[in-house]
Amino acid sequence: MSVKAEITSCVEQPRIACAIGGIYTALAIDRVLPILHAGPGCQGQAGATLAGANGGQNADTYLESVIPSTNFSESDVVFGAAERLSHVVEESLKYYDADMFIVSDGCVSQIVGDDIEEVVRTFEGREKPVLHASLPGFKGNNLFGHSEILKAIVEQYLTKSDHVNEKQVNVWGIVPFYDTFWVATLEKLEALLTELGFEPNIIYGHGKGLKAVDKIPSAGFNLLISPWVDLDIVKLLEEKFDTPYFHYPNIPIGPTQTADFVRKLVKYANLDEVGAERIIKREEDRYYYYLNHSIKFIFTCRVTPREFYINSSASQALALTKYLINDLGMTPRKIFISEGVPEELQEEVRSYFNDVQHERPEDLEVIFTNDGGLCDTYVKSEDTTFRKTAVFGTTWDELTAKNLKLPFVPVSAPAGDLMVGVKTYFAWEGAINLAADLYNDAANKGLGTVS
Amino acid sequence: MAKAIVTQNREDYPNTFYGGGGCCGESVNRFQSGCYNNVNRSFEQTKQCVQMSSVQVLTKIDDSLCVFHSPVGCTGCTSFINAFSKLLRVQMGRGAPRNIHYIATNMDEHDVVFGSTDKLIAAIAEGYRRYKPKVVFILASCASGIIGDNINAAAKQAEEQIGTKVIPIHCEGFRSQLNSTGIDTAFDAITGYLLDGTHPPKEDDLVNLFFPQSTTAYDRLEMAKIMGLFGKRANTVPDYATVDDILRIPAAAASIVACYIFGDHLAEWLKKEYGIPYEIIGLPIGLKNTDNYVRSLGKLFGQEDVAEAFIEKEHARIEKPLAELRKKLAGKRVLTGSGTSRSLSTALLAGDLGMEIVALQTPVLNNDVVREVGVLSEQHGDEFVLDISCVQPFELANIIKKYKVDFLIGFSTVSTMLGVPGIQTQGQYDFQQAGYDGILNLGEKIARLSANPTLQAHLRDRGYSPYSEEWLRKDPFSYLKKEEAV
């Protein structure tokens, strides 16, 4: 099996932010405040793609506009600004109501050679922890930044726990903000894990914060739900705290994947398999009840989309591909993963796409690229007169789909200038939401009528 | 090599200050007696950068392509710009919505060490292949600026390769304290590379209308409509204009600049090079500035009588509903803030509505601002707070608490968490703020919002403010390094 990567020397239509976007992982943890040692616009650049234009999100405890920043000027570029940073940190400690501070620097600081680690060292022993993470945009994208922030927390803050709670499971792999639906997905996942008999520990979102972070080392195991993101983190946690990890390659969407996820997870953790089967049955019955409830609508969409393009994050692409093939009976045209998956991991990520009920899974075209605009060029070149391929992508793909009258669902950053609310496509109920969004858009574009 | 154009940073303009704060009367006195010193803040929150402003101007030129010579992150703002430019394009009647056209070199660690102009030239070629633009802009970044990639030489080389104008824009994010420098940088490039030496046939009924980017389509259309009363057509450039519209700029009979920091430079250049007269007015929001706009048209075209008749008619038309609004809003204590012109115009509008100005935030203090603050002082006294900053929410939060502000006009999120209602005046694209109807529209919206601040109160009660009480008790301008003169 070969990995197909189309490298263009340039990129357009960003589906990712640069490393500085990692601050959104810090912002997702209640009462953790990033302090920027970066250019004046860096936060805004990252925020547009990851938050504002990604489902109308903003940071919760600290609205982005309040983030302290040294706002590099021309003279700072010449003389450095480490001293000014030190002052900004000092004042932030005084006047911000926060539990943890993470000093993060960007391209400019890194190129001119300011040493934030040294600055942060002078704040050791203060009442509130002050950490540091370097997030230069030329080194990687927001997923690199996300990893740097988590590594900073694990390496500079956490210490080994003297006890292990076998039932406690830390959840990794869902990148806050970047995954448009992260809040509701984590909430639903937490509820499912609890019902299965676990004590889920999630550090992001409402009401979690440092008390959840502090519990990380005492987990029975780490649950990684993503094809590759956070694999480095669970490995680091294994190395540092001897915590094993269970890896499921994607957020499960729909009955087939979710049942598979639950069975594998319960088996791994030696939990009540009978109870789990009861939950699976109950939820599958509910899923098919809802689907049946609208089956006439679905099949009277006279041009019911049977094929699809995906242009999204790896995690979302994999979850969608499996659901659309395994549960909705659709066929992929091309799948673009536009988040810069590291080359050495691409083959493994590709292999997860074989886990579908398709005659020739190896024929699925999975394209790794940094260039979000690449998918667009393919979709535009299609004859779409009678072939209404659905497009799952970002707000950048929306217009192409609209102009060609193709059904479209935003599934990945930047999902658009809309409010995401409590939406998630996770598990059984989420799949109904997804199917509804798909068929509604088809109907709205006049691709079918209700008879 | 493409010729080098060096844009003067806004903060280096004579009599221009970008850091300060205090009582407005005192600030104005110091300014007028020539002893105002710029003071930098030793603590700041995040801002906008120069590049974002250049991007906002240039990506909206219809048949252009922007090539970002930067790490991928510096293109992030396009997600946001695209969201509203799709909308405004339609509202302006410029055709179906479409995504903005740009491409980035995706500068990585290797490029930062070894330089990457080859990649830049390849990106221009690829972007050209995808979009066939009439003009290409290269946007510099912090990274490309520091490592010293020669984008002027690259522009020249790419231009020869694709046979289309390629223009370098020196908008490194760190180069100026004021992001408005990015607007000047874009305009200087337009004049220096596109317009210089062109002599399109004169169009006597054409008037250039330079609006800041935050202006809504309805505002632009309203101003164009009023221009019609004088038998003139508006060339609303550069936003949502085509390259051809831009090439017609020197054909115009006059220019109107509806902002103190956007396009003034360009209008002056047009006067110098082509003898095109111009008037700088504030954003035509509120009675005084709308009248100003109408009068400046009358003056430019010798039709003062048309202007006065229209003003009288419009004042009479809105008199009654405006009086109703004044009854609802009388005495409300207001903070206005935003960009320089919007901040001042909305402050004047607040006065029209019978509200009381207690604080005004503006990014720049210069002659225009001092003049307008003088006008405001006639109505509101000279004790109100003047905050010279590119919006620093921590200072505004402090001021809102300390001066018991009832309503905020500007970036409303600043006050929301403190339980104080406000109206977002920038980034609102669904209504008309300018002109005589704009006064009523804004007034009605402000009256509605201030009548029901329950959501803001709920948020305040849940303790969403990020600052400690200690900060809110301190002097809001504690971080101005008073001793430091720049």
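## A buried serine and other backbone features

At 3% relative accessibility, S338(B) counts as buried, where buried means under 20% relative accessible area, exposed over 50%, and partly exposed in between (1.4 Å probe, protein chains only). This is a predicted model, in which local features need pLDDT of at least 70, side-chain atom pairs count only at pLDDT 80 or more, and totals for chains, interfaces and linings use all residues. Residues are numbered from 1 along each chain as its sequence is written, chains are lettered from A and ligands numbered from 1 in the order in which they are written, and side-chain values use heavy atoms, with hydrogens and water left out.

S338(B) is not a glycine, yet its phi is positive, at about 150°. The residue is found in the loop between β10 (333-336) and α14 (340-352) of chain B; helices (H or I, at least four residues) and strands (E, at least two) are DSSP runs, numbered from the N terminus. N270(A), also a residue other than glycine, has a positive phi near 55°. Its place is in the loop between α11 (254-268) and α12 (273-293) of chain A, and N270(A) is exposed, with a relative accessible area of 69%.

## Cis peptide bonds

Most residues other than glycine have a negative phi, and most peptide bonds are trans. In chain A, the bond from A413(A) to P414(A) is cis, with omega near -10°. P414(A) lies in the loop between β13 (408-410) and α18 (427-444) of chain A. In chain B, the bond from V237(B) to P238(B) is cis, with omega near 0°. P238(B) belongs to the loop between β7 (233-237) and α10 (243-247) of chain B.

## The interface of the two chains

The contact (heavy atoms within 4.5 Å) takes 59 residues from chain A and 62 residues from chain B. The area buried between the chains is about 5000 Å², and carbon and sulfur atoms give 60% of this. Buried area is the accessible area (1.4 Å probe) that two parts lose on being put together, summed over both. T46(B), R130(B) and F174(B) supply 12% of the area that chain B buries against chain A, more than any other three residues.

Three salt bridges cross the interface, a salt bridge being a side-chain nitrogen of Lys or Arg within 4 Å of a carboxyl oxygen of Asp or Glu. E12(A) and R130(B) meet in a salt bridge at 2.6 Å, N to O. On the side of chain B that touches chain A, the largest share, seven residues, comes from α3(B). By class, that side of chain B has 31 nonpolar, 19 polar and 12 charged residues. Here Ala, Val, Leu, Ile, Met, Phe, Trp, Tyr, Cys and Pro count as nonpolar, Asp, Glu, Lys and Arg as charged, and the others, Gly among them, as polar.

## Strand pairing in chain A

Strands β5 (residues 165-172) and β7 (residues 219-225) of chain A pair in the parallel sense over five bridges; two strands pair if DSSP finds at least two bridges between them. β5(A) is also joined by three bridges to β6 (residues 199-201) of chain A, and these two run parallel. N170(A) stands opposite N222(A) in β7(A) and opposite N201(A) in β6(A).

## Salt bridges within the chains

Over all chains the count comes to 60 salt bridges. D242(A) pairs with K160(A), the closest N and O atoms being 3.1 Å apart. This pair links distant parts of the chain, 82 residues apart: D242(A) is in the loop between α10 (231-241) and β8 (245-248), and K160(A) in the loop between α7 (142-156) and β5 of chain A. Both D242(A) and K160(A) are exposed.

E283(A) forms a salt bridge with R286(A), with the closest N and O atoms 3.8 Å apart. Both lie in helix α12 of chain A, three residues apart, about one turn of the helix. E283(A) is buried, at a relative accessible area of 14%, whereas R286(A) is partly exposed, at 34%. Salt bridges that share partners join K188(A), E195(A), R282(A), E283(A), R286(A) and E429(A) into one network. In chain B, D111(B) and K119(B) meet in a salt bridge at 2.7 Å, N to O, and D111(B) counts as buried at 6% relative accessibility.
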